[in-house]
Amino acid sequence: MSGVLSGQASSSERQGVVSSAGLPITAKSGLTKFATWIDDRNIPFLVISIGMVVMLLWGGSYKMTAPGAEGIVPLVSNSPLISWHFKLFGPYIGSDIIGTTEIIAAILIITGYFRPKAGVVGGLIATVMFFTTSTMIITTPGAIISVPGIHGMRYMSFLGLFLFKDVISLGASFFLISYFGKKAILSENKS
């Protein structure tokens with residue numbers, strides 16, 4: 001597992017970052033040494049992947065409850081990309097399907113630690129989900145509001161800010177596809 005989780009060779013193995021000419025570049029300042037330390041330990045991948053797994057498992061399981069299903073009705077109902085889903089399945093079964101999809105994506109991301117192609121599939125599922133929910137910022141009434149006394153400006157409400165986190169999650173999903181994809185390529189080339 002350590003080979004999968006270590007994004008790159010350690011600084012002692014790679015002797016710093018390599019320039020475009022292929023020459024090693026060694027970190028000199030405290031700031032760049034700190035950045036190298038973070039990179040060597042693959043902290044961005046660990047934080048993003050663990051955070052994504054926790055969010056998907058927690059959110060997916062909550063959507064399988066009555067309050068969770070009722071909470072996403074205004075979001076899903078106003079989305080041209082997914083409103084058909086609740087019309088076809090109803091809010092409770094529809095929410096269960098969404099929750100199950102989130103849990104499957106989380107399990108695939110966890111599996112990606114050992115089988116990188118599974119992580120790519122988990123990242124793809126998350127990308128589709130978070131792209132869809134990111135568009136809800138535009139389609140959900142009350143997500144973007146005007147503030148009394150401030151003319152000509154529109155702001156994101158708390159609902160809009162809640163939905164905007166999915167734009168960041170969309171970027172994290174693309175990062176996971178890229179990360180697991182590189183690991184899958186390395187795995188294929190070893191065979």
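Residues 24 or more positions apart make up 62% of the protein's contacts (heavy atoms within 4.5 Å) that have a separation of 6 or more. Keep in mind that this is a predicted model, where local features need pLDDT of at least 70, side-chain atom pairs count only at pLDDT 80 or more, and totals for chains, interfaces and linings use all residues. Residues are numbered from 1 along each chain as its sequence is written, and side-chain values use heavy atoms, with hydrogens and water left out.

**Overall makeup**
- You'll find eight helices and four strands here, counted as DSSP runs (helices: H or I, at least four residues; strands: E, at least two) and numbered from the N terminus.
- Starting at the N terminus, the order is α-α-β-β-α-α-α-α-α-β-β-α.

**Surface and interior**
- Of the 191 residues, 36% are buried, meaning under 20% relative accessible area with a 1.4 Å probe, protein chains only.

**Helices 7 and 8**
- Helix 7 (residues 116–139) packs against helix 8 (residues 158–190) at an angle of about 160 degrees, and their axes are 7 Å apart.
- That angle is why the two count as roughly antiparallel, a label for angles over 145 degrees.
- Sorted by class, the contact between helix 7 and helix 8 has 16 nonpolar residues, nine polar and four charged.

**Around Trp37**
- Trp37 sits in helix 3 (residues 30–40).
- Its C-alpha atom is 9.9 Å from that of Ala27, ten residues away along the chain.

Methods: Buried < 20%, exposed > 50% of the residue type's maximum accessible area, 1.4 Å probe, protein only. Axes fitted to C-alpha atoms, helices over the stretch in contact; angles between N-to-C directions. Parallel < 35°, antiparallel > 145°, perpendicular 65-115°, else oblique. Nonpolar A, V, L, I, M, F, W, Y, C, P; charged D, E, K, R; others polar.
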